[in-house]
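Biologist: Please show me the model, and then let us go through it by question and answer.

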Amino acid sequence: MTYVISEPCIDVKDRACVEECPVDCIYEGGRALYIQPDECVDCGACEPVCPVEAIYYEDDLPDEYQPYLDDNARFFSDILAGRSEPLGAPGGAAKLGALDVDTELVGTHPPREN
């Protein structure tokens with residue numbers, strides 16, 4: 001099981017969750033943050049600090065955000081799989097740094113108005 005970052009994070013990327021994560025498994029894409037499901041230890045530290053309530057335990061993910069469960073994993077299996085830099089579990093997010101890539105679901109989401 002894992003935690004999932006959903007639609008409210010798109011174009012927000014507050015990063016409070018990144019600072020709270022003890023295993024550095026929250027990666028930064030171009031428009032959203034993504035939790036590496038194999039690195040997540042299910043501690044839940046990220047969920048209460050999210051200011052837009054975008055993080056859910058996968059079993060508690062609301063129906064409207066269900067597509068983000070597979071999409072979150074797809075960021076790592078499809079988007080980052082071909083990169084020359086290893087992900088490095090755990091602790092890979094800080095080593096990899098911010099990336100200018102997103103999944104199709106996030107990338108095609110209409111931009112959030114400020």
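Modeller: The structure holds 5 salt bridges, a salt bridge being a side-chain nitrogen of Lys or Arg within 4 Å of a carboxyl oxygen of Asp or Glu. This is a predicted model, in which local features need pLDDT of at least 70 and side-chain atom pairs count only at pLDDT 80 or more, while totals for chains, interfaces and linings use all residues. Residues are numbered from 1 along each chain as its sequence is written, and side-chain values use heavy atoms, with hydrogens and water left out.

Biologist: Which residue does the side chain of Glu7 meet in a salt bridge?

Modeller: Glu7 sits in the loop between strand E1 (3-5) and H1, and its partner is in the segment after helix H4 (104-107), 105 residues apart. Helices (H or I, at least four residues) and strands (E, at least two) are DSSP runs, numbered from the N terminus. The N to O distance is 3.2 Å, and the partner is Arg112.

Biologist: Is Glu7 buried or exposed?

Modeller: Buried means under 20% relative accessible area, exposed over 50%, and partly exposed in between (1.4 Å probe, protein chains only). The relative accessible area of Glu7 is 18%, so Glu7 is buried.

Biologist: What is the N to O distance in the salt bridge of Asp11 and Arg31?

Modeller: The side chains of Asp11 and Arg31 meet in a salt bridge. This pair links distant parts of the chain, with Asp11 in the loop between E1 and H1 and Arg31 in the loop between E2 and E3. Asp11 counts as partly exposed because its relative accessibility is 31%, whereas Arg31 is buried at 17%. The N to O distance is 2.7 Å.

Biologist: On which residue is the kink in helix H2 centred?

Modeller: The bend at a residue is the angle between axes fitted to the seven residues ending there and the seven starting there. In helix H2 (residues 67-79) the kink is about 35°, centred on Ala73.

Biologist: What covers the buried residues of H2?

Modeller: The buried residues of H2 are Tyr68, Asp71, Asn72, Phe75 and Phe76. Contact means heavy atoms within 4.5 Å. The cover includes E1, E2, E3 and H4.

Biologist: What pattern does the protein follow along the sequence?

Modeller: The protein has 4 helices and 4 strands. Read in sequence order, the pattern is β-α-β-β-β-α-α-α.

Biologist: What radius of gyration does the protein have?

Modeller: The radius of gyration is taken over C-alpha atoms, and the globule rule is 2.2 Å times the number of residues to the power 0.38. For 114 residues, a compact globule would have a value near 13 Å, so the protein agrees with the rule at 13 Å.

Biologist: What percentage of the 114 residues do buried residues make up?

Modeller: One of the buried residues is Gln36, at 8% relative accessibility, in the loop between strand E3 (33-35) and strand E4 (55-57). Cys21, at 14% relative accessibility, also counts as buried. Of the 114 residues in the protein, buried residues make up 46%.
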